[in-house]
Amino acid sequence: MMKYTAFDCHILHLPVIHNRAGNITPVENSITLPFDIQRVYYLYDIPGGETRGAHGHKNLESLIVAVSGSFDVTIDDGKNKKRIHLNRPYLGLNLKPGMWRDISNFSSGAICLVLAAQKYDETDYIRSYEDFLNYRQHG
Ligand code: TYD
């Protein structure tokens with residue numbers, strides 16, 4: 001399987017339908033996203049100073065959106081790290097498979113929406129950073 005790097009994780013500009021009464025951002029399988037959505041989850045009520053999602057995924061691809069408020073996503077491929085501030089409901093960070101990531105610096109009331117390409121699968125998680133580095137080096 002191809003190994004992605006942190007540089008393959010781009011921000012996608014989602015469609016925005018403007019209206020004086022407010023905006024709509026539609027997200028559709030195969031049209032808006034490079035994958036089909038199998039699962040949606042969202043993080044909310046995050047206490048100030050907390051960090052979420054400090055783990056790796058072997059195969060999971062996802063799109064992370066700050067539908068309300070803001071936060072930082074740090075992506076690490078074992079060699080390169082990048083930190084991306086998300087603060088617009090029409091911008092989505094496309095996380096490729098094989099990344100270690102955490103989400104931090106949540107603003108008060110922030111909602112982190114995650115559109116995921118696979119159902120929940122604990123065997124896809126890599127919970128220790130040492131195991132992650134080993135996985136990146138040896139597969
Ligand atoms: P986890 O992904 O470890 O949270 P985070 O990395 O953001 O701190 O998930 C926390 C718990 O929630 C874990 O016990 C599994 C459960 N969970 C599900 O059951 N389904 C899901 O889709 C997700 C994301 C988590």
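**Figure 1. Contacts across the predicted chain.** In this predicted model, residues 24 or more positions apart account for 76% of the contacts in the protein chain with a separation of 6 or more. The secondary structure comes to 1 helix and 10 strands, and from the N terminus on the order of the elements is β-β-β-β-β-β-β-β-β-β-α. Taken along the principal axes, the C-alpha atoms fill a box of roughly 55 × 35 × 25 Å. The radius of gyration of the protein chain is 15 Å, which agrees with the value near 14 Å that a compact globule with 139 residues would have. Of the 139 residues, 40% count as buried.

**Figure 2. The largest nonpolar core.** This view shows the largest nonpolar core, which has 19 residues, and within which I64, F71 and I75 are the residues with the most contacts. At least two residues of this core are supplied by each of the strands β4 (62-68), β5 (71-76), β6 (81-86), β7 (91-95) and β9 (111-116), and β5 gives the most, with 3 residues. Apart from this core lies another one, of 8 residues, which includes L14, F35, V65 and L115.

**Figure 3. The surroundings of I75.** The residue at the centre of this view, I75, is one of those with the most contacts inside the largest nonpolar core. When its neighbours within four places in sequence are left aside, I75 is in contact with A6 and C9, with N80, K81, K82 and I84, with L93 and L95, and with M99, W100 and R101.

**Figure 4. T74 in strand β5.** The residue T74 lies in strand β5, and with a relative accessibility of 13% T74 counts as buried. Not counting residues up to four places away in sequence, T74 touches K81, K82 and R83, and also W100, R101 and D102.

**Figure 5. N94 in strand β7.** The residue N94, found in strand β7, has a relative accessible area of 4% and is therefore buried, the cut-off being under 20%. Residues up to four places away in sequence aside, N94 touches D8, C9, H10 and L12, as well as P34 and F35, and also E61, S62 and L63. The C-alpha atoms of N94 and N59 are separated by 13 Å, and these two residues are 35 residues apart along the chain.

**Figure 6. The largest pocket.** About 160 Å³ of space lies in the largest pocket, whose lining is made up of R39, Y41, L43, R52, G53, H55, R101, I103, V114, Y120 and Y125. Two or more residues of this lining come from each of the elements β2 (39-43), β3 (52-57) and β8 (100-104). Sorted by class, the lining of the largest pocket has 6 nonpolar, 2 polar and 3 charged residues.

**Figure 7. The largest cavity.** The structure holds 2 cavities of 30 Å³ or more, and in the largest of them lies about 50 Å³ of space. The residues that line the largest cavity are H57, L60, S62, L95, K96, M99 and R101, and by class this lining has 3 nonpolar, 2 polar and 2 charged residues.

**Figure 8. The second largest cavity.** A volume of about 30 Å³ belongs to the second largest cavity, which is lined by R39, H57 and L60, together with Q118, K119, Y120, D121, D124 and Y125. The residues of this lining divide into 3 nonpolar, 2 polar and 4 charged.

**Figure 9. Two residues with a positive phi.** Most residues other than glycine have a negative phi. In S30, which is not a glycine, phi is positive and near 60°; S30 is found in the loop between β1 (11-13) and β2, and with a relative accessible area of 60% S30 is exposed. The residue N105, also not a glycine, has a positive phi of about 60° and is found in the loop between β8 and β9. With a relative accessible area of 46%, N105 is partly exposed.

Terms used. Residues numbered from 1 in each chain as written. Predicted model: local features only at pLDDT ≥ 70, side-chain atom pairs only at ≥ 80, totals over all residues. Heavy atoms only, no water. Core = buried A, V, L, I, M, F, W, Y, C linked by side-chain atoms within 4.5 Å. Buried < 20%, exposed > 50% of the residue type's maximum accessible area, 1.4 Å probe, protein only. Helix = DSSP H or I, 4+ residues; strand = E, 2+ residues; numbered from the N terminus. Contact = heavy atoms within 4.5 Å. 1 Å grid on protein atoms, 1.4 Å probe; cavity = no way out; pocket = protein on both sides within 12 Å on 5 of 7 lines; lining within 4 Å. Points joined across faces, edges and corners; volume = space filled by probe spheres on them. Nonpolar A, V, L, I, M, F, W, Y, C, P; charged D, E, K, R; others polar. Rg over C-alpha atoms; globule rule 2.2 N^0.38 Å.
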